[in-house]
Every structure is written in C-alpha cells, then in structure tokens.
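Hi,

Here is the model I promised to pass on to you. Please have a look at it first, and then read on for my notes.

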Amino acid sequence: MLVFAISDKGGTGRSVTGTNIVYRHALQGNDVCYLDFDFGSPTAGAIFSVSAVARGTRENGLHHYLRGECPQPRRVDVWAESDREGLRTRPPGAGRLVLLPGSEGGGELSALTDEVVGRCVQLLGRLDEEFDLCMIDVSAGRSFTAELVLAATVRMPAIPFRWLVFHRWTRQHIIAADGLVTGADGLLDVGTRFGHDTDDLRDRIRFVRTAVLEPDAAELVGLRDEQRAWLSACDSELRELAGRHGVGRTAMLGKIPLDPVLQWREQLITDEDVLASKIANAETATAFEDLAKKIVDDSAWEGL
Amino acid sequence: MLVMGEVHTGLLQNSGEISESTCRQVLGLMAGETVRVSRRPIVHALSPERLTGVDCALPTASRSRVRGVGTVVSRCAVTGGRVAQGSSYVRVVRSDADRRLPWSHYLARPGVVEVLGKAKAADLAEGFTGDSAPGRPDGACLDLGAVSGRFLDLVQQSTLLDRRAPFKIPRTSLRWVAETGEPSIRFTLHAEQERTLRLTHPGPFTTAVVDLCEDLATHDWLLTSLLVIVERARIGGTPGAQAVARLAPAIDHLMHLWMPAARVEEWLTPFWESLERRPGFTRQWRSLVDRVRDQVAMNTLALLNATADAGRR
Amino acid sequence: MTPVHATFGEVAAERRIASVPLSHVSVELGHLYMEDYEAGPDRLREQFRRVAPWLATVRSLWQERVPGGRARVSTCFLVDDYFSRFSTPAELVPMVLEAAAEHDLSIDYLARESACAQFEDAQSGGVELARLVEDRLVDDPPPETDGSRPPVKETGWLCNGSRSPRTAPMQAMGKTRPWEPPAQNAKRGHSIFVDVELWDEKGPRRTWSCPFLAAVWQLLRLGLLRSDGQVPLPPVALDGGWPRDWDGLPAVVRLNPQAAPFSAYTTLSVLSPRFLPVELAVRTILSQVAVDDEVLRQVATRSESEGVRLEEELVDRISYVFV
C-alpha cells in the first residue's frame, strides 16, 4: 500500500503527522517506510531524530536518485540509527521502520521527464514488494512532485494507493484543501489528465485535520463563557463550510488534536512521552494510533 | 580468467502461484524466442537471454583501475510459479587489443567482458565478492546487481500479475564468482539480504554453473523468507491462533518449494552436497518446517480440546 | 546392484535452432521504389546495365576463393510495398524480369519489403521480423556505462555514441548546464555521430523506418534470424501466375528453381549513391544487433567445414557497390 501525504499549504503538520502514523503502524507489527519527497525542505530525518540526515542526506538522497545521480537511494533503519534512546531498540512485535531521506540542499523538481517517472515507478514498485505501508511525503500544494506520483501510479495500476490531504481547521485551510483536490489543476484534474479514473481517484482521497482545538477540550477550561461560546459558534460554522467543500466528516479519515509538543518541536510521540515524562497528551497518541489503523482499514475507505 | 554474476530473488508479486502458460507470457522477454520450461521435479521457467552493453571499471580489491568492455547476459526465471529471479553474469577475459574496439566486435562475443590492460583474477574475484564489496559506496564500477534488479522488475511489473502477494518480503542478492581449479565452494552471509559465493570448479565454465548459482539463490531466499515469517509470528509471544495465522502464508506458498539441486548438473552436485554438510541448508529448513507444523498441530489440538470442553458443558 | 544411470529429458526445456541452407554470396540487384517505377522501364534497364558487370566480378571473385570453383551465388530483388503501394505484382514483376533479362541478369528471388516489418499467411502463420530484430538491439555503451542505470534511450532512436546532455536544470533554482556536443563511442580523434530513427508512431500504428527494414533485410539474407527456432520466411515457388494484389504474394518468391540458396555467408548490394546515408544508418543498426549465439556458431561451423573464412563481425560480411 502506498500512501501519499500532501497538504494544502505549508505548516499544517503534514510531516509530523505522517511520520507519527508510520511509527504507530510499525508498532502495530507492520513493515513500513517513509519517503521524504518534500524536496524543498526534507526534514523527516529530524522528526525521526536521525541527526545524520536531519536536513536530508548529502549522498544518495531521493532527489539524487530521481535525477539519475545514484542507482539506488539511501535507506535509514530508524530502529538502529535514531539518536533518541526510546527509538533505538525495536520493540517486540514491531515491524521494520525505514526512512528514505531526501537530499540536503535539494530543490523542487523543475520538470517531469519520462526517465524521472520511470525511476519513481521502479522505486515504489520495489518498496511495495517488501513493505506493508510506504508513506510518501509529497510536500505542500501543487508541485511537480505531486504530478510525478500521479503519473507514476498510472503506470502501476495493480499497486493499491491512497492519498491523505492534511489541513488545519480554519476557514482558509478548508477552502484551500478543497481547492487542492477538486480545483483547476488540482489532484483530480491532473490525475485525470494523466489517465486516472476521476471517481476512482476521488475514492482514494481522504482528509486529515491537524491541530484541532475541540470546544470541549481540557485546555479550554480556563476560558470565559463568552470565549467558549464564540469558539463553539466558529466550530459549527467551519463544520458547515467543510461540508459544503467536500471536506466534511464523510471525507475525513481522522483528526489530530492540538498538542503543544507538536507545535514546539516536531517529533515522534512515543508512549513514554505520554506515560512517563507526560509531555504529550494521551489523546494525541491515540489519534495517531487510530489513523495508523484506519489507513489500511478498507471500511474507512468505502466510496463516498 | 573468471566468471562473475549476481542473482536477485524475490516473491512473485501475485496472490497465488502462476500457471505454466502465464509463466511463458511473463518471461517472454524477446520476440521470436521461446521460454524454456521444465516440469520435473518442480516447474521451472527460464526466459530467453538478453544482453546489456557495458564499458566501465571492474571491481578490484586493490582499488587499481581495470577497464572492461563487453556485454552482460541476463535472464529471468520463475520457480514453482512463485519465486522470481533476475540473473546476470559476465565471462571476464583479457583483450588482445589495448583500446576499445568497434561495438560489433563485442556483440560477436555475447556475455564476454574484455579487460583492457593488466588485471589479476584474484584481485577481481576479491573485489567483487570480498567483505567490502556489497553495498559498495565508492566509485562507479560494473554493477551486475542493478542489471539483475531491473530484469526482476520486468517480471514483477508484468501486467499479468495481480500484485497481491500473500506477504511482504525483501529481495535477496547473491553475488558469485566462478573459476576453474581445485574444487571448492564458499558461501557467505553478509548484512541483511546480501550473500556471496566463491566457486572453483574443475573443467571449463558452462552455463550449468549459472544454474547452480541460481538454484542456491532460490533456496537461500526460501530459507531467509521462512525465517522472517517464523520471526514475525512471534511463537510463544502471541496467542497460538494468532501465531498460526501469521504462519499460514509459509504453509500455503513456500513449504512445498524446497527442492535442492533439482536443476543442477551431475558434475556440480558435490558442491550442493558440501553446503548441505556445512552449514546444512536442508537441516535448517527441516527444523523450521517442523516448528511451523508443530505450531499448527498444537493449535489444532487446543481448538479440539476447546470444542470438546464446550460440548461437555 | 550396480547403480543405475538415469537420463531424463524434457523437450520444452531444450532449445532447438533450425539451420538454413547458405550460398556464398547473396547479391541484391536492385531495390524498386515508387519513384523508380514512375520513371518507367528505362530507369530499371539503366539500373541493371550498371549492375551486370559487378555481378560478374563478384561471381569470379568467389570462384577463385572457393575450393573447386563451385561458388554458390544467388541474386535477389526487393520491391517496396511498405511505404507506398503501386501497381500489382502481375503487372510489375514481368516488367522487372524482362528488363533484367535484357542484360543477361537472372533474378533468383523476389522479396517484399513489407515482409521485413511483418508477414502473415496460412502457411507460416504470423511473424514480425522487425520486432524480433528490435528486441535484439544491444546499445553501444558510452564509456562509464556500468549497468547501474538503464541504457539512455530516446524512444524509437538508436545512435552510435552519447547525445548532447540536456541543459535544463532538473530542480527548481538549479544550475543550467552549458551545451556539450554529442560524441561517437568508437571515434578516432573526431566524432561522426549518427542518430537513426528506427520507427515512429501515429496513434496505435507504428511505421518502421527505411534503414531499419533494410537492416532486417540484410539479416534475413545472411540467414541470421530465427523465430521460435525456425527459419522465418523461407522462399517459396509461386504456383500459377502473379497475383493481382501484393498481399497475395509470398514474402520471398523463388523465381529460379535451380537457384543457389537465398541466404548466404555474405551479401553484396549494388546501389545508387543516393542510398549512402541509408546504408550508413543500416550499418549503425547492424553493429548493435546481437545475433543469437547458436545461430552464429552454426554458420561459423558450416563455413569452416567448407574452407571459407568468414569475418567475425557481421557488419564486415556486408559489402556494397555504389554506382
């Protein structure tokens, strides 16, 4: 299963959510890998706490590979190479957790050639042979990278794939997320141009809301009644807006609550962060765990 | 001088095993050439051979620069309708010329790479299969693994396959070097999926040596994969029924494929036999298979007991 | 009990390659295109007048070379029915034969160019020679080709070196590369870079280029092609008269029942100099075709057994006279 992670805009928490989902999926006993296709700023290494590739790798990164500069991209075994104590041993029953870092100092792809698509097809096809889940961080907004994977998946019709569109719970983000999927030159538009079936592609896309502040959240206890009432009104307004833009409940796969840890430092949230040091909220870890299951749960992906 | 090759082996990306006729289509890599199929003792299909041109440095242990020009022979195989391979090799010989000749010269010698200038067979053999060889971070030199990998891709990307393989498993790679001399064989496990084989055989090289290496690679992959599946099942660490469910793909898809030396010519069988003594491939395979069967038997017993208990109540 | 020696064989597991009868040389007396036909029979007569002395020369050269002087020389003539269809066999062939006879030339075999692309009839089923040859192309590798990447290809093209690298940057805000010239792999000092179009496609229909079909034609005459181990398009004698439709004509027709075999160790083509660029392209293609090992061995064994030393590289078995 290939999962493409995209967001309407930068700063939505796409990378940190994606990596946490992959991490939880590995803990659930699956072999997983994470591909940092965020070519403008490949920072997945930092989230996995692998300092050697914190901002990408100098050699054999994914950009190098796609540009044909190396025969195979580098693989990092997170369980062996992470600097974080809590990640450095593979928990019993957990699957493989592998990161394919981007290239340090790489830029967005500037053109889509047949060779580049061919290399992408080769890479994803081979990874699919050995991993239960491959998550590909496609970066934010419309990009050649998004085009690349849309073109590549047309050439591999038998390999299952899904798209996650990450967005924040605000008016602008809801509209932008909808536009990214259904707007002109959006995913459906471009995908159809490359040869995807529009309806089939739509069924493979779900939204994930990030940094969501629930009106009944514990953080809001100290608020005045007026503030709470205003928040609640905003929330229902947003819900109505989301419904109108096809970003509503039915198209949503999950939501990640606002968590200070994720705001201030992009990192994996381990059970230790929740139970021992208590820096992270249990709800956040549960939300990741839930998404990690839903991502492969066919009933969550039935036609809309 | 010597022959070097590399075999990549993987699980065919299909939900079940494929039929002989599908094998023929999947492996039909060249118009006008037939796929060779043998049915005893296990169905084995072999694609026609194709060539790839190379002009590059050859791997050397001494890091001295040795240039080789010629063609790599590659082929694909499917064993038991289930295990797929991409296999490539070159015969390395000294060139009579000291410069590169017109390409047609090399095409008249398919599968031969001619070395321009000085080179020692031992240096090349060690460079290709030595400890530092797999992974090879520095400097570009002859990459038979990449060629084999692409040939395996050709099979795996066939539109005749449904891509719904019963389990996920990495490919393995076996690099081998064969020379003529006093018979000996050395099989080495390197990190993760890398293996090397050094073989010295009496008499001149024939493609039977390639068959032997591919046969060894198939069985090493089977053993490696069964080990992974047994490890994933976490016998003793998870409830019996769950462990058995995780072992099921091995029973359905792997356990009947063990057929050591099935396609090895008689004069080469002593090499397989010596590997059977040490490290003992079949011994380890049997013990794993027994373990899987015992788990299934115990779980069945437990289920029967539970049913009987329920009946009594 | 003494050990029993068991032998086991499986037909489907073995590879069988048929052999083909071979002349010493196959001489192509001409190649008829629409424009030649339109120019009338005089153009043909002129062609045959030029060819005649060369055929005699080749014949005597081989008679000297072959022990006993029994040189096997066969002649052939190719009609273009692929790029343009004109006239009918019934009308055209007798005219060609007549023009040849005026110069004491006998055409042993007549072939259709479209058969080099693909041919289908009840007898031989279907065979796509062009596809067969395309799958046997092995690109001439530029230095530093180590197999780690797939060969650089421009779909439908084949060259004798490396093309100019692309100058556009591969990533946003990346550097552009300065232009670099293409280079021939086997250059001697300076390059003669050749890039040949093998085919083009308009919609689902692929049109093979003239040089590519000419390369197939050379391989067919050299007896180096096999389809499923069988010799493709063996010459057949024509029963009855010439058909009114090209599709009714066999791929290769044997006109002379006493003719030496169609295929030969070597070929000679007598052509107008306007075919020079086409034949350069043909040689570029042929020097990148990997003929089956077993077939090469068969031909080598046969020629050695009758005391003929063949050039090892197949492009060296092809010669031309441009007149």
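**Chain B: confidence and overall form**

Chain B has an average pLDDT of 93, and 97% of its residues score at least 70. Do keep in mind that this is a predicted model. One stretch to treat with care is residues 133-137 of chain B, where pLDDT stays under 50. The model still gives that stretch eight contacts beyond four places in sequence. Where pLDDT is low, the predicted coordinates should not be read in detail.

As for its make-up, chain B comes to eight helices and ten strands. Its C-alpha trace spans about 90 × 40 × 40 Å along the principal axes. How does the radius of gyration of chain B sit with that of a compact globule? For 313 residues such a globule would have a radius of gyration near 20 Å, and the 22 Å of chain B agrees with this. Of these 313 residues, 46% count as buried. Taking the contacts in chain B between residues at least 6 apart in sequence, 70% join residues at least 24 apart.

Two cis peptide bonds in chain B may interest you. One runs from B:Arg40 to B:Pro41, with omega near -5°, and B:Pro41 sits in the loop between strand 2 (36-38) and strand 3 (44-46) of chain B. Another joins B:Arg278 and B:Pro279, with omega about 10°. B:Pro279 is placed in the loop between helix 7 (269-277) and helix 8 (281-312) of chain B.

**Where the chains meet**

Chain B touches chain A through 17 residues of its own, which are in contact with twelve residues of chain A. On the chain B side, strand 1 (2-11) and helix 4 (144-156) each supply at least two residues. Helix 4 of chain B gives the most, with three residues. By type, this side of chain B divides into five nonpolar, five polar and seven charged residues.

Chain B also meets chain C, in a contact that takes 33 residues from chain B and 34 residues from chain C. The chain C side of that contact divides into twelve nonpolar, eight polar and 14 charged residues.

In chain A, have a look at helix 1 (residues 14-27) and helix 13 (residues 282-294), whose axes come within 8 Å and cross at roughly 75°. The two helices of chain A are therefore roughly perpendicular to each other. Helix 1 of chain A brings A:Asn20, A:Ile21, A:Arg24 and A:His25 to the contact, and helix 13 of chain A brings A:Phe288, A:Glu289, A:Leu291 and A:Ala292. These residues divide into four nonpolar, two polar and two charged.

A:Phe166 belongs to strand 6 (residues 161-168) of chain A. Is this residue buried or exposed? A:Phe166 counts as buried because it has 25 C-beta neighbours inside 10 Å, where 20 or more is the cut-off. Beyond its neighbours within four places in sequence, A:Phe166 is in contact with several residues, among them A:Arg14 and A:Thr17; further partners include A:Ala5, A:Ser7, A:Val208 and A:Thr210. The C-alpha atoms of A:Phe166 and A:Glu289 are separated by 16 Å, and the two residues are 123 residues apart along the chain.

A:Ser139 is one to check for its backbone: phi is near 75°, a positive value in a residue other than glycine. A:Ser139 lies in strand 5 (residues 133-140) of chain A and is buried, with 25 other C-beta atoms within 10 Å.

**Chain C: overall form and one helix**

Chain C has eight helices and 15 strands. Along the principal axes, its C-alpha atoms fill a box of roughly 80 × 70 × 45 Å. Of the 323 residues of chain C, 39% count as buried. Of its contacts with a separation of 6 or more, 77% come from residues 24 or more positions apart.

Within helix 7 (residues 276-286) of chain C, the buried residues include C:Glu279, C:Ala281, C:Val282 and C:Arg283. The buried residues of this helix pack against strand 6 (157-159), strand 9 (195-197), helix 6 (210-221) and strand 15 (318-322) of chain C.

Lastly, C:Asp228 has a positive phi of about 50° although it is not a glycine. C:Asp228 lies in the loop between helix 6 and strand 12 (236-237) of chain C, and it counts as partly exposed, with 15 C-beta neighbours inside 10 Å.

Best wishes

Key:
Residues numbered from 1 in each chain as written. Chains lettered and ligands numbered in written order. Predicted model: local features only at pLDDT ≥ 70, side-chain atom pairs only at ≥ 80, totals over all residues. Axes fitted to C-alpha atoms, helices over the stretch in contact; angles between N-to-C directions. Helix = DSSP H or I, 4+ residues; strand = E, 2+ residues; numbered from the N terminus. Parallel < 35°, antiparallel > 145°, perpendicular 65-115°, else oblique. Contact = placed C-beta atoms within 7 Å. Nonpolar A, V, L, I, M, F, W, Y, C, P; charged D, E, K, R; others polar. pLDDT = per-residue confidence, 0-100. Rg over C-alpha atoms; globule rule 2.2 N^0.38 Å. Buried ≥ 20, exposed ≤ 12 C-beta atoms within 10 Å, placed from the backbone.
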